[in-house]
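Work through the exercises below with the sequence and the structure side by side. Try each task before reading its solution.

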Amino acid sequence: MITTEQKEALRGWIAGRLPEGLFVELLDVTVDREEITVIGRIPEPDLGAEASQVERDEARLGRAAEFRERTRDERIAVAREAERRFGRKVSWGVEVGGTQVLFTTVSAPVMTRLRQPERQVLDTLIAGGVARSRSEALAWCVRLVQRNADDWLGELRESLEHVQRVREQGPDAA
């Protein structure tokens, strides 16, 4: 688990290392054991008031694709330095006009053992067409919990940070 101080240090380093003007605003730097995800806001295309919602949505996706290609070399340079410094892969994303687009991200395998009732939940999701495999069904379940339990998960993370600080002050602290 990464501490708040480590997250702040990482976010500060990323903010300081990003090329000037890459993003209108750095929105989020998220980190876990495998990956750092950097998301920034980019300008929305100006289509005028008469543009339809479909046209606006497609223009946002086009702007994100243009940004991805145009800034590839700059982002790779930052990612390589960050990967050496922090020991994690770096992924990128943008927010344009309220639409978030993530570029290549890490998809880490996770092994688990499930008993029959849990497997039946996954199989029901597959049978219902919600997922194509148990792996996809399990990912769907995790996203559902994430969306519905953000407050609880936030409190749990804060508690874990407190435990980490107490451990660091223990008798084995150097």
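**Exercise 1. Find how the axes of helix H4 and helix H5 are placed relative to each other, and which residues meet.**

Step 1. Locate the helices: H4 covers residues 116-127 and H5 covers residues 134-148. Helices (H or I, at least four residues) and strands (E, at least two) are DSSP runs, numbered from the N terminus. The model is predicted, so local features need pLDDT of at least 70 and side-chain atom pairs count only at pLDDT 80 or more, while totals for chains, interfaces and linings use all residues. Residues are numbered from 1 along each chain as its sequence is written, and side-chain values use heavy atoms, with hydrogens and water left out.

Step 2. Compare the axes, which are lines fitted to C-alpha atoms, for helices over the stretch in contact; angles run from 0 to 180 degrees between N-to-C directions. The axes of H4 and H5 come within 9 Å and cross at roughly 100°.

Step 3. Classify the angle. Angles under 35 degrees count as roughly parallel, over 145 as roughly antiparallel, 65 to 115 as roughly perpendicular and the rest as oblique. H4 and H5 are therefore roughly perpendicular to each other.

Step 4. List the residues in contact (heavy atoms within 4.5 Å). From H4, Arg119, Leu122, Asp123, Leu125 and Ile126 meet Arg134, Ala137, Leu138, Trp140 and Cys141 of H5.

**Exercise 2. Work out the order of the strands in the sheet and how they pair.**

Step 1. Strands of a sheet pair through backbone hydrogen bonds, either parallel or antiparallel. Here two strands pair if DSSP finds at least two bridges between them.

Step 2. The open sheet has four strands in the order S1-S2-S3-S4, with mixed pairing. Strand S1 (25-31) and strand S4 (99-102) are at the edges with a single partner strand each, so one side of each has no neighbour in the sheet. On average, neighbouring strands are turned by 20° against each other, direction ignored.

Step 3. Take the pairs in turn. S1 and S2 run antiparallel and are joined by six bridges; they form a hairpin with three residues between them. Val29 has Val38 in S2 as its bridge partner.

S2 and S3 run parallel, joined by seven bridges. Ile36 stands opposite Val90 in S3.

S3 (residues 89-96) and S4 run antiparallel, with four bridges. Glu95 stands opposite Gln100 in S4, and Val96 has Thr99 in S4 as its bridge partner. The hairpin of S3 and S4 has two residues between the strands, and Gly97 there takes a positive phi near 60°.

**Exercise 3. Where do helix H1 and helix H3 pack, and at what angle do they pack together?**

Step 1. Begin with the strands that are touched. H1 (residues 4-17) packs on the sheet against S1 and strand S2 (35-41), and its direction makes about 140° with that of S1. H3 (residues 72-86) also packs on the sheet, touching S2 and S3, and its direction makes about 135° with that of S3.

Step 2. Take the two helices together. H1 and H3 pack at about 155°, with their axes 11 Å apart. They are therefore roughly antiparallel to each other.

Step 3. Name the residues. Leu10, Trp13, Ile14 and Arg17 in H1 meet Ala77, Val78, Glu81, Ala82, Arg85 and Phe86 in H3.

**Exercise 4. Is Ile14 buried or exposed, and which residues does Ile14 touch?**

Step 1. Buried means under 20% relative accessible area, exposed over 50%, partly exposed in between (1.4 Å probe, protein chains only). Ile14, in helix H1, has a relative accessible area of 0% and is therefore buried.

Step 2. Leaving out residues up to four places away in sequence, Ile14 touches Leu26, Val29, Val38 and Ala82.

Step 3. Look at the core. A nonpolar core is a set of buried Ala, Val, Leu, Ile, Met, Phe, Trp, Tyr and Cys residues joined through side-chain atoms within 4.5 Å. The largest has 25 residues, and Ile14, Leu18, Phe23, Ile36, Val38, Trp92 and Val94 have the most contacts inside it. The elements giving two or more residues to this core are H1, S1, S2, helix H2 (53-70), H3 and S3.
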